[in-house]
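Me: I'm new to this structure and would like to learn how to read it. Could you take me through a few features, one at a time?

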Amino acid sequence: MKALRFHAAKDLRLDAVPAPSSPGPGQVLVRVLQCGICGSDLHEYTDGPQLIPIEPHPFTGATAPQILGHEFSARVEAVGPGVRRLKVGDRVSAVPHLNVPGEYFSRRNLGHVSSETALVGFSWEWGGMGELALLPEENCVPLPDSVDDTQGALVEPASVALNAVDLAELRAGSAVLVTGAGPIGALVALCALASGATSVVLAEPNAFRRELLAGLPGITVCDGGPDALADLVATLTDDGRGFDAPFECAGHERALDSCVETVKPTGAVIQVGLFVSAPRVNVFRISEKALRYQGSWGFPITIGQRVVALIEACRWSGS
């Protein structure tokens, strides 16, 4: 079969590789339907290997060259012994986190923060940029007929967004700032609305992105400049005190500064964006304002079904 594989930074090749064999116990063989390109894939291309192991991964044995792709929908072609939830013909969305059974964080449904966890598309032999893939059954979220193949490929990035919103502990009526209107930032804004936020500001310096997202209902789009944000703090937040929870989704130092400056005292800044190099952080302001600075990476393996339910709910509500 054909597969797009990472060999080294700026060295991607469309290779002919052996197709996966019959699925083993607890595994399913799937045919990829749609696959997205994540910012992590772009980081691997420009500056990798970062997540792709040079030496065999201790859990999976995977190493470069690696089939990329961890945001994908697929159709089940065959099931291995012990598979109970899925059958041939089912459509699924892939969950990339391959948790080590019995490991400390895996036992707590927090495998995504464990250094021992492997990732489909980075440290597993198969990825979504190949025609076929083998996946553990637990890494497949069933898709109902009401969720199409493209939406199925978006379940993974939407899970990243929903997990970030969960960590913010939003309440009904919360005021939220999201810096960076890429796919993750836009999904965070939508998940914040679905979680009860009534004021959601999406800050993006790129005019094309602002124009693209200007029609999202319930979301205010701005250029992220200090004057625009100051006006929105005054008009959209309770008593003008600041946003309850800014989400930094750009991986940019100035965006992080905007989050720290516009959050209300005792609020939470959720760090979702990935920095290529270490940023300078105004720790004094974080302490002075008694802020919670919460990192957000990946998501618990069980969150995918909630995302599918949200997609269905939005479809039926016409959102």
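Predicted model: local features only at pLDDT ≥ 70, side-chain atom pairs only at ≥ 80, totals over all residues.

Me: How many salt bridges does the structure hold?

Reply: The general idea is that side chains of opposite charge can pair when their charged atoms come close. Here, the structure holds 12 salt bridges. One of them links Arg13 with Asp11, with the closest N and O atoms 2.9 Å apart.

Me: Are Asp90 and Lys87, which form a salt bridge, buried or exposed?

Reply: First the cut-offs: buried means under 20% relative accessible area, exposed means over 50%, and partly exposed is in between (1.4 Å probe, protein chains only). In the bridge between Asp90 and Lys87, the closest N and O atoms are 3.0 Å apart. Asp90 counts as buried because its relative accessibility is 16%, whereas Lys87 is exposed, with a relative accessible area of 53%. Back at the other pair, Arg13 is partly exposed at 39%, and Asp11 is partly exposed too, at 21%.

Me: Where do Arg285 and Glu288 lie?

Reply: Both lie in helix H8 (residues 283-288), 3 residues apart, about one turn of the helix. Helices (H or I, at least four residues) and strands (E, at least two) are DSSP runs, numbered from the N terminus. The side chains of Arg285 and Glu288 meet in a salt bridge, 2.5 Å from N to O. Arg285 is partly exposed at 22% relative accessibility, and Glu288 is partly exposed at 47%. Salt bridges that share partners also join Glu261, Arg285 and Glu288 into one network.

Me: And the sheet: in which order do its strands come?

Reply: In general, strands of a sheet pair through backbone hydrogen bonds, either parallel or antiparallel. Two strands count as paired if DSSP finds at least two bridges between them. Here 3 strands form an open sheet in the order E2-E1-E4, with antiparallel pairing. Strand E2 (11-16) and strand E4 (66-67) are the edge strands, each pairing on one side only.

Me: Over how many bridges do E1 and E2 pair?

Reply: Strand E1 (residues 2-8) and E2 pair over 6 bridges, in the antiparallel sense. To find one yourself, look at Phe6: its bridge partner in E2 is Leu12.

Methods
Residues numbered from 1 in each chain as written. Heavy atoms only, no water. Salt bridge = Lys/Arg side-chain N within 4 Å of Asp/Glu carboxyl O.
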